[in-house]
Amino acid sequence: MSERGQSMVEFAFTVGLLMLLVVGTAQVAIFLNYRSSLDLATSEGAFQASLVGHQPGDGKLEAQTLWSRLEPGAALADVSASIQGDLVVVTATAYAPAILPLPFPPFNRLPIQSRSVHTIERFQPGSS
C-alpha cells in the first residue's frame, strides 16, 4: 500500500513540474512574439519618419498603427519619436500579458521596450 502512495506523490510532482515547464515556455513565446512585433513597429516608424518631407510625428503614428494591427488585443504602445542630428529615433513601451497573472507587479503584465534608429534621407533637388 505504501508503494502505491509513493507512486501517486511522484506522479503529482512530475505533473506539477511538467505543467510549470509548459506554462513557462508558453509565457516566453508570448513575450518574444510581442517583443518582435514592437521591434517591427518601431523600425517601420523610424523608417517612415526618416523619409524626405516626413516628421517624427509621422513615425510615431506609423509605429502606433502597426502595433495595433500586429497585436489587436494589446493595449496601445507608448511611442515617442525624435530627431537627434541626422538620425530619427523611435522608442516604444508596451506590455505583454501574463498567462498566470499575479496580483502584484511585474507579474500581472510583462513590460517590453524597443528602440529603433534610422538615418534621415536628405536629397538635394537636381542631384543624381
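**Notes on the predicted model**

1. Let's start with S50. Leaving aside neighbours within four places in sequence, S50 is in contact with V88, H118, T119, I120 and E121, where contact means heavy atoms within 4.5 Å. S50 is found in helix α1, and S50 is buried, with a relative accessible area of 0%. For the wording: buried is under 20% relative accessible area, exposed is over 50%, and partly exposed is in between (1.4 Å probe, protein chains only). Helices (H or I, at least four residues) and strands (E, at least two) are DSSP runs, numbered from the N terminus.

2. A word on what we're looking at. This is a predicted model, in which local features need pLDDT of at least 70 and side-chain atom pairs count only at pLDDT 80 or more, while totals for chains, interfaces and linings use all residues. Residues are numbered from 1 along each chain as its sequence is written, and side-chain values use heavy atoms, with hydrogens and water left out.

3. F13 is another α1 residue.

4. Now the aromatics. Rings of Phe, Tyr and Trp (its six-membered ring) pair if their centres lie within 6.5 Å; planes under 30 degrees apart are stacked, over 60 edge-to-face, and the rest tilted. By this rule the count comes to one aromatic pair. The partners are Y34 and W67, edge-to-face, with 5.8 Å centre to centre and 70° between the planes. Y34 lies in helix α1 (residues 2–50) and W67 in helix α2 (residues 56–70), so the pair ties together parts that are 33 residues apart in sequence. Y34 counts as buried at 12% relative accessibility, and W67 counts as buried at 1%.

5. On to α2 itself. This helix has 15 residues and reaches 21 Å from its first C-alpha to its last, close to the 21 Å expected at 1.5 Å a residue (the expected span is 1.5 Å times one less than the number of residues). Its buried residues include P56, G59, A63, L66 and W67. Seen down the axis, the buried residues of α2 fall within an arc of 105°, so they line one face of the helix; the arc is that of the directions from the helix axis to the C-beta atoms. The face turned away from that buried side carries the exposed residues L61 and R69.

6. Finally, the strands, which pair if DSSP finds at least two bridges between them. Strands β1 (residues 78–84) and β2 (residues 87–97) run antiparallel and are joined by seven bridges. Across them, S82 stands opposite V89 and V79 opposite A92. The hairpin of β1 and β2 has two residues between the strands, and G85 there takes a positive phi near 70°. β2 also pairs with strand β3 (residues 109–119), in the antiparallel sense, over 11 bridges; T93 has Q113 in β3 as its bridge partner.
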